[in-house]
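Please look over the sequence and the structure shown here before reading on.

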Amino acid sequence: MNKKIKKILKKKKKSKIVCLTAYSKKIASILDKYCDLVLVGDSLGSVLYNYKSTKEVTLETMINHSKSVRLGVQNSIMIVDMPYNTYRTPKEALKNVKLVMKETRCDGVKLEGGKKIIPIVKNLVKNKIPVMGHVGILPQTDKKFFFKGKQQKESERILNDTALLEKAGVFSIVLECIETKLSKQITEKIKIPTIGIGSSSNCDGQVLVIDDLIGMSESKFKFVKKYADVSKVIDTAVKKYKAEVQKKQFPKAKHSFKN
Ligand code: KIV
């Protein structure tokens, strides 16, 4: 097993796992200093391309952004989201995952789903590909984004899905918007780490979309915390640049070439 993945597994019940998304090199290189895991999430569809859903994200887009992220990630585990409709059968998944792994040199991939994707996960694991699971809200297929675990039946299904995914060989599972007590129950029941987003501090680790964290998105989700206002920093810089260009204060002689 990949050494970095072993390290993540060992963190369970010892120290919290820190994870964020990245879509390009510079940000990835900053995250690499602090994160155990950097995820090239298909959330890039809404964050960067204004798509209505992640369904529109293509394999080519994921590969291109992942190549850029790879340039910034040296120490963290780099995981790439497999986009919608690229892992419908074990054969299709293996072909596309192999391409992603080869082109991006990532450490593993993330797939959304529970019971339905078990044969797909098993086949990837059999081929020595590290797989991360993702249950709770499934942005690729859910029509409504309500938190999960309100009803007993739904909770039982999710609990069962996480057990099946663990048995199929995933090294970790993202829990997206799962009710607090259910997150605790899942995290206590399975031996692999759970990484929560909107799923309380009961998870073994946390993940957020980087643009939400630094104030570069319009996201108003309850589970998001804005740690910085980078939009404001850019706004101030660009405003100043405009004023200096218009007043002929920029460029100065030191910014210009002379024979
Ligand atoms: O696409 C994504 O960014 C994700 C995380 C939010 C877990 O799947």
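The expected span of a helix is 1.5 Å times one less than its number of residues. In this predicted model, helix H4 covers residues 59–72, and its 14 residues should therefore span 20 Å, which agrees with the 20 Å that separates its end C-alpha atoms.

**Helix H4**

- The buried residues of H4 are Met62, His65, Ser66, Val69 and Arg70, and because they fall within an arc of 150 degrees when seen down the axis of H4, they line one face of the helix.
- In general, an α-helix has 3.6 residues a turn, so residues three or four places apart point the same way.
- Turned away from the buried side of H4 is a face that carries the exposed residues Glu60 and Leu71.

- Strand S3, residues 77–81, and strand S4, residues 108–110, are joined in a parallel pairing over three bridges, where Asp81 stands opposite Lys110 in S4.

**Around the ligand**

- The residues that surround the ligand are Thr21, Leu39, Gly41, Asp42, Ser43, Asp81, Val174, Ile197, Val207 and Val209.
- This shell around the ligand divides into five nonpolar, three polar and two charged residues.
- Asp81, one of the residues surrounding the ligand, is also the residue that stands opposite Lys110 in S4.

- Ser200 lies in the loop between strand S7, residues 194–197, and strand S8, residues 205–208, and its phi is near 75 degrees, a positive value in a residue other than glycine.
- Ser200 counts as partly exposed because it has 17 C-beta neighbours inside 10 Å, a number in between the cut-offs of 20 or more for a buried residue and 12 or fewer for an exposed one.
- Lys248 has its place in the segment after H10, and its phi is near 60 degrees, again a positive value in a residue other than glycine.
- Lys248 counts as exposed because it has 8 C-beta neighbours inside 10 Å.
- Pro251 is likewise found in the segment after H10, and the peptide bond that leads from Phe250 to Pro251 is cis, with omega near -5 degrees.

**Asp235 in helix H10**

- Asp235 is found in helix H10, which covers residues 230–246, and this residue is exposed because it has 11 other C-beta atoms within 10 Å.
- Asp235 and Thr58 are 177 residues apart in sequence, and from C-alpha to C-alpha they are 31 Å apart in space.

Notes. Residues are numbered from 1 along each chain as its sequence is written. This is a predicted model: local features need pLDDT of at least 70, side-chain atom pairs count only at pLDDT 80 or more; totals for chains, interfaces and linings use all residues. Two strands pair if DSSP finds at least two bridges between them. Helices (H or I, at least four residues) and strands (E, at least two) are DSSP runs, numbered from the N terminus. A residue is near a molecule or strand if its C-beta atom, placed from the backbone, lies within 6 Å of it. Ala, Val, Leu, Ile, Met, Phe, Trp, Tyr, Cys and Pro count as nonpolar, Asp, Glu, Lys and Arg as charged, and the others, Gly among them, as polar. The arc is that of the directions from the helix axis to the C-beta atoms.
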